[in-house]
Amino acid sequence: MALDVCDDGTMGCAFFDSMDGSLQLAEDVHRSTVDVSEHFATLACPTLLLVSSRAPQEFLDHVQRSAFPYKSCVQILSSSEFSVEAAVDRLSSWRNDQLSTARPSSRAPVDASVRRDLPNGGDGKRVDRCSISPEEGVANASTREHKNPVSLGCAGAVLTELRYKCISRSSPSSEPISHQPIPVKTFALENYVALGSETLQTLQIIQSKIHPNSQYWGGRMQSQDQKEGLSIYGLFQGHSHTPQGRAKLRRLISRPVSNVSIIEDRQQAISLFLLPRNADKTRHIIGALGKIRNAKIYLEHLQKGTGNITIPKFDQDSLVAIGELISHTVDFEQSEYRGRTTVRLGLDRNLDELRRHYDGMNSFLAEIVVSTIQTVPQWAVSYIRSCIFLPQLGFLIVTDVDPRTGKGKYRGNWPDEDHWELLFVADDSAYYKNDNMRHLDDQFGDVYCKIADREVEILHVLSQEVLKSSECLSVASDACGNVNVILALALTAEKYKWSVPKLTTRSGILEIKKGRHPLQELVVPSFVPNDCQLGGGGHNDDDSCQNQSRCMVLTGPNHSGKSVFLKQVGLIVYLAHIGSFVPAEMAVISVTDRILTRISTLESVCKEESAFAIDLKQLLNAIEQSTSKSLLIIDEFGKGTNSDDGAGLLASFLEHLSSLAVRAPRSLVATHIHDLFGCHQLLPTSGLQIAHMDVLKAQCGEFNCDYITYLFKLRDGYSSDLFGGYCATLNGVPNLVVERANVLSMLLSRNEDITIPCARLSPEEELKLHSAEIVARKFLEGFHTLVSEENCLLQDARHMLQNILST
């Protein structure tokens, strides 16, 4: 992927999509920010990032210091590599390379009889063909993309890198590599929902982890070094049965769209699989997909060393003809048994004759042994073991080995008789070749190699015929991948009882009935669903109602499920935009352009920023990028600084959202700063919806509530309960620590001075306190005895105290 930013802030992007072999050009983004590059990276998932040196220093620093997964693969190139003129020249040069004659095959010419023995004479007449110009897709790119000059310049840089990789992967003595046609496609960033790296991680959309069996030692992690953890992609991945299906599924997961028609098409396809009358067909498709491999990989292997071919149209007859051609040529049972591709018996007469000679070799070798024994002396007969045939070595006589000499006990009587040449010794046997064996070699040759060569010739012609239908097979393979993706979405929706959401173009609508967190409900015994309604509701046609309560402020104790609720709503909105069903009874969602989150703080020693500074930047990013179509999720902002500053910043942010009115994004904010709710600006009448997660409190003591039941249910109004001490007890904090914390918390809630409770005594003061405690205990014991006596006077008590003090 290549990125470039002009002086006026216009950003362009181009990347090569290895999945379909196309060159993707983005529409130029005017007045862009550095965060737009993250959106491009999420769409492209690049292995290498090319950046122009003329880009602003702020942008270059952001790319090099950011948490992109490809940060170790960033290359800064000269700005001349990104010029529009150079890009046009490279596109034209690439097209000319396609028009030029490709290098000939490295294999020997094939006998015409081989082609004649293939079905239909090997001419593929049963496969419909149409000639496609090699320059299709790039011929008009130089004129069509001038409206996006920055992205066009990026395309030139990508083509240069592709050409370099092609040259570096070929041997120095090889001829130029023939290029396949590269279609050029244009996309607009506004057609996709923006998801930042922080959003992908906190919502657990993609959660790759190091595989326990990997040998990963740093650098760029390969696919075999990773495994998918508990994530949204992991839910769907288990129902993906083909390699191309898994690749397309990952692309769909990372590219949520905002086009309602595309989303509805996916929903209809999912519904088609879930119809009861289609259950048998769905099971049949699942079984068939499990046997399908990615045809493109095998076609790439076949294309090595071949010339230009005619590409057929995609139709069912073409696929049937290709299948019949392969089935008629290849013996799959024998191929599996021998571990190599084997040609069917009866396809080629010369090959069948060679096989008959090779299969009858055992009886023929027995006759040779008998004839050889008749020619050797009588004393040497017992030393002749057998006669064998080895590929490439030919016919050999096997004799016993003399342990003293390391040679055969009989090795001919040369020069009186024929010369016995020792080839090798193995397993107490010596292998010789005499004149008779040489005569057999000249007569029969290396039968095994002849069989292999003949099979290679036949399979080479077969590969040429298959390559004529490469486009047909590629399209069919892609179609299987697309079916597998929709089937994975359907099976996941059926397994977890998801329902189809409704997307609307009306702004600010978010209505969810009995929504559930798709991951959390898998790890708890039971999950409590919750409703969420922002913007007036999806069934209300009154535009004045649609713009009310676009922001929900959520309060409640720790462990009550606030963060789960926030992520739950974010995931439901996300799933709706990839065309999937959602874990809810009903959902009406406005088309969303961005999902922005400030949930967790992603700290790193590479960043010279404090945790609170990172939180502030995340909030700034949300303020600058959010629109009326965005979804904003903020969890416990302001906890990284003192409570007064945090409360002030959060209050100002909420006032800012309230002031935006109809331009405000749909927002969910969770907080423990309860000082805010004494201010009249934050009442629900100002457009803020205040709610809390409910708990059931039993009889409580003075300092601690011993019986609390979390209901995980959303209620209106705010709650000032925290129960931090109870949460500490649940997580194993010692009781002494918790009790001390409850005492100090109670004093602080009463605005009392905690200096004295927190003060520490000196050793001398502790000794005096200990002595006073002893005196007090002795006095209380004696006073109790004195009071029980009759005629007890105050003077007696005073006298007793003096005695205690004197001792």
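Colleague: Which residues form one aromatic cluster?

Modeller: W379, Y383, Y410, W420 and Y432 do. Keep in mind that this is a predicted model. Rings count as a pair if their centres lie within 6.5 Å, and a search of the whole structure finds 13 aromatic pairs.

Colleague: What makes R250 a charge over the face of Y233?

Modeller: R250 is 5.2 Å from the ring centre of Y233. The cut-off for an Arg is CZ within 6 Å of the centre and within 35 degrees of the ring normal, so R250 is said to lie over that face.

Colleague: Why is S477 called buried?

Modeller: Its relative accessible area is 4%. You will find S477 in helix α19, which spans residues 470-496.

Colleague: Which residues is S477 in contact with, leaving aside its neighbours within four places in sequence?

Modeller: Those are Q244, R293, N294, A295 and K296. Contact here means heavy atoms within 4.5 Å.

Colleague: Let's turn to N294. Why is N294 called buried?

Modeller: The relative accessible area of N294 is 15%. With the limit at 20%, N294 is therefore buried as well. N294 sits in the loop between α11 (279-289) and α12 (295-303). Setting aside neighbours within four places in sequence, N294 is in contact with P243, Q244 and S477.

Colleague: How many residues apart along the chain are N294 and P243?

Modeller: They are 51 residues apart along the chain, while their C-alpha atoms are separated by 6.1 Å.

Colleague: What makes helix α1 mostly covered?

Modeller: Nine of the ten residues in α1 (35-44) are buried. Among them are V36, F40 and L43. Just after α1, C45 takes a positive phi of about 50 degrees.

Colleague: Now for the whole protein chain. What share of its residues is buried?

Modeller: Of the 807 residues, 43% are buried. The chain has 28 helices and 24 strands, and it exposes about 42800 Å², with carbon and sulfur atoms supplying 52% of that.

Colleague: And what share of the contacts with a separation of 6 or more comes from residues 24 or more positions apart?

Modeller: Such residues account for 71% of those contacts in the protein chain.

Technical notes. Residues are numbered from 1 along each chain as its sequence is written. This is a predicted model: local features need pLDDT of at least 70, side-chain atom pairs count only at pLDDT 80 or more; totals for chains, interfaces and linings use all residues. Side-chain values use heavy atoms; hydrogens and water are left out. Helices (H or I, at least four residues) and strands (E, at least two) are DSSP runs, numbered from the N terminus. Buried means under 20% relative accessible area, exposed over 50%, partly exposed in between (1.4 Å probe, protein chains only). Accessible areas come from the Shrake-Rupley method with a 1.4 Å probe; for residues, only the protein chains shown count as cover. Rings of Phe, Tyr and Trp (its six-membered ring) pair if their centres lie within 6.5 Å; planes under 30 degrees apart count as stacked, over 60 as edge-to-face and the rest as tilted.
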